[in-house]
Amino acid sequence: METVVRFRSAVCLLGRFPALAGVDLDVVAGEIVLLQGPNGAGKTTVLRACAGLVPVVEGEAEVLGVDLVADRRAVRPLVGLLGHAGGLYDDLTVAENVRFWVRASGSLVADADAALARLGLDGRLADVPVARLSAGQRRRTSLAILVARRPRLWLLDEPHAALDQAGRDLVDGLMVDAVGAGATVLFASHELDRAVAVAHRTITIAGGTASVAAPEPPAVPVA
Amino acid sequence: MPDGAAILRDARLVVGKDLRLEWRSRVTTNQLLPFALLVLILFAFALDPDRRILREASPGLFWLAVLFSTLLAIQRAFSVETADGVADALRLSGLDPAGIFLGKAVGIALHLAVLEIALGAGVTLFYGATPHGPLLLVATCAAATAGLAAAGSLYGVLSAGLRVRDTLLPLLLLPVVAPVLIAATQAFAAAYERTSGAGWRWFGLLAIFALIYLAIGFFAFEPLLEES
């Protein structure tokens, strides 16, 4: 099994504060891994470090074969991050936002249109400026960008937040589909009932370090 | 080695996006343009309705109005890149940072060009200044605008991630672009006084300034984007 994420005693600083204080972490290809832990534990920092947005200042960190300590920028085209913020331009429409980010990543516009349909954003909603959307619709738009980019590693920070029941089911389905297409998913969530059901295993982050739960059998895909 | 075709492709994408944002928000036409014209009118009030003084000072007043408007244009151009986590999305996008820089600079330059046309008409209308030497005027506008847009894009991204960006940007940018104000004013004055020879020397200074900041932007934008 190819190792997609490998951290050894990884340390990340936010200012002078050690947001990660020696994390050991392994994720192999095709896994859906849930990061859980209290607020401020370092879940978001793990995801941002995997995306090459936060520097790893000590230890070892490798994502998709890229050494993050040596060149964290090289991993960025390979991963997709859904953070707390959506990364959307308020004055552009849903379709314009998705097409812009898809073109920026070098993907095809046809992929953008397919993703809009997959997320239920085609039709009238596609032409609505993002500023007029509800929080859940904005979340769907950000997810559409992620789907269209087809990253090898999905990094999702609270992906169920702001979504209704149908939207949450859709997110779970997207994660399962992504893994089915050869990607790997690492996500953080406080909605443990739902998250544990879709995840293959759980890693607990607390105080900037990780403790790994015993591997669990793959869950039955939801929806 | 930078890939020129990729940089141009990314720059075109960013310019297209910025023009579409302007088309939807109308910030330049509904806010920047009225602001720039208001500055011209306030100068006229401050210097009394003595048209002779206004005519003589019109090159400097024109470029001061352009400079103040530039600050607003840059703040607008980079505020859309920091809202809602867009800065992270840009870093992850795969866009070449040099392409982003070029796209932002061209977008700002296009906004400034529209402003300069309106301000040129305003100076003629309010101050009674009659321009001569159209070639020198256009060349001066082009070089000064390129310099302002390039330097503005650099300092815009530098201050974009800071909480005090709105107050910091003028403090950082205005001293840096003082040579543009001086050279563009002198070139305009030469054109107005029909002494174009001296004006072209000032144009040369503007062109050098623009080239230097374009070159710096190509190489320095990436680390600045990382820190923003």
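Me: Where should I start with the two chains, and how much area do chain A and chain B bury between them?
Reply: In this predicted model, chain A and chain B bury about 2100 Å² between them. Carbon and sulfur atoms account for 59% of that area.

Me: How many residues does each chain bring to the contact?
Reply: Chain A contributes 25 residues, and chain B contributes 24 residues.

Me: Which three residues of chain A supply more of its buried area than any other three?
Reply: They are A:Tyr89, A:Asp91 and A:Phe100, which supply 26% of the area that chain A buries against chain B.

Me: How many salt bridges go across that interface?
Reply: The rule finds nine salt bridges across the interface of chain A and chain B. One pair that forms a salt bridge is A:Arg48 with B:Asp88, whose closest N and O atoms are 2.5 Å apart.

Me: And how many over all chains?
Reply: A search of the whole structure gives 28 salt bridges. Among them is the one in which the side chains of A:Glu31 and A:Arg201 meet, at 2.5 Å from N to O.

Me: Where do A:Glu31 and A:Arg201 lie in chain A?
Reply: A:Glu31 is in the loop between β2 (17-28) and β3 (32-36), whereas A:Arg201 is in strand β9 (residues 201-206). The pair therefore ties together parts that are 170 residues apart in sequence.

Me: Changing topic to the helices of chain B: at what angle do α3(B) and α5(B) pack?
Reply: Helix α3 (residues 51-79) and helix α5 (residues 97-127) of chain B pack at about 155°, and their axes are 9 Å apart. That angle makes α3(B) roughly antiparallel to α5(B), as angles over 145 degrees count as such. Their crossing is right-handed.

Me: What classes of residue are in that contact?
Reply: The contact of α3(B) with α5(B) has 18 nonpolar, four polar and four charged residues.

Me: What about α2(B) against α5(B)?
Reply: Helix α2 (residues 27-46) of chain B packs against α5(B) at an angle of about 30°, with the axes 10 Å apart. This crossing, too, is right-handed. The contact includes B:Leu32, B:Leu40 and B:Phe43 of α2(B), and B:Val114, B:Leu119 and B:Phe126 of α5(B). By class, the residues divide into 15 nonpolar, three polar and no charged.

Me: One more pair: how do α3(B) and α6(B) cross?
Reply: The axes of α3(B) and helix α6 (residues 134-160) of chain B come within 9 Å and cross at roughly 40°. The two helices are therefore oblique to each other. α3(B) passes α6(B) in a right-handed crossing.

Me: Which residues make that contact?
Reply: Among them are B:Trp63, B:Leu67 and B:Phe78 of α3(B), together with B:Ala144, B:Leu148 and B:Gly152 of α6(B). The contact of α3(B) with α6(B) has 10 nonpolar, five polar and no charged residues.

Conventions: Residues are numbered from 1 along each chain as its sequence is written. Chains are lettered from A and ligands numbered from 1 in the order in which they are written. This is a predicted model: local features need pLDDT of at least 70, side-chain atom pairs count only at pLDDT 80 or more; totals for chains, interfaces and linings use all residues. Side-chain values use heavy atoms; hydrogens and water are left out. Axes are lines fitted to C-alpha atoms, for helices over the stretch in contact, and angles run from 0 to 180 degrees between N-to-C directions. Helices (H or I, at least four residues) and strands (E, at least two) are DSSP runs, numbered from the N terminus. Angles under 35 degrees count as roughly parallel, over 145 as roughly antiparallel, 65 to 115 as roughly perpendicular and the rest as oblique. A crossing is left-handed if the near helix is turned anticlockwise from the far one by less than a right angle, and right-handed if clockwise. Ala, Val, Leu, Ile, Met, Phe, Trp, Tyr, Cys and Pro count as nonpolar, Asp, Glu, Lys and Arg as charged, and the others, Gly among them, as polar. Contact means heavy atoms within 4.5 Å. Buried area is the accessible area (1.4 Å probe) that two parts lose on being put together, summed over both. A salt bridge is a side-chain nitrogen of Lys or Arg within 4 Å of a carboxyl oxygen of Asp or Glu.
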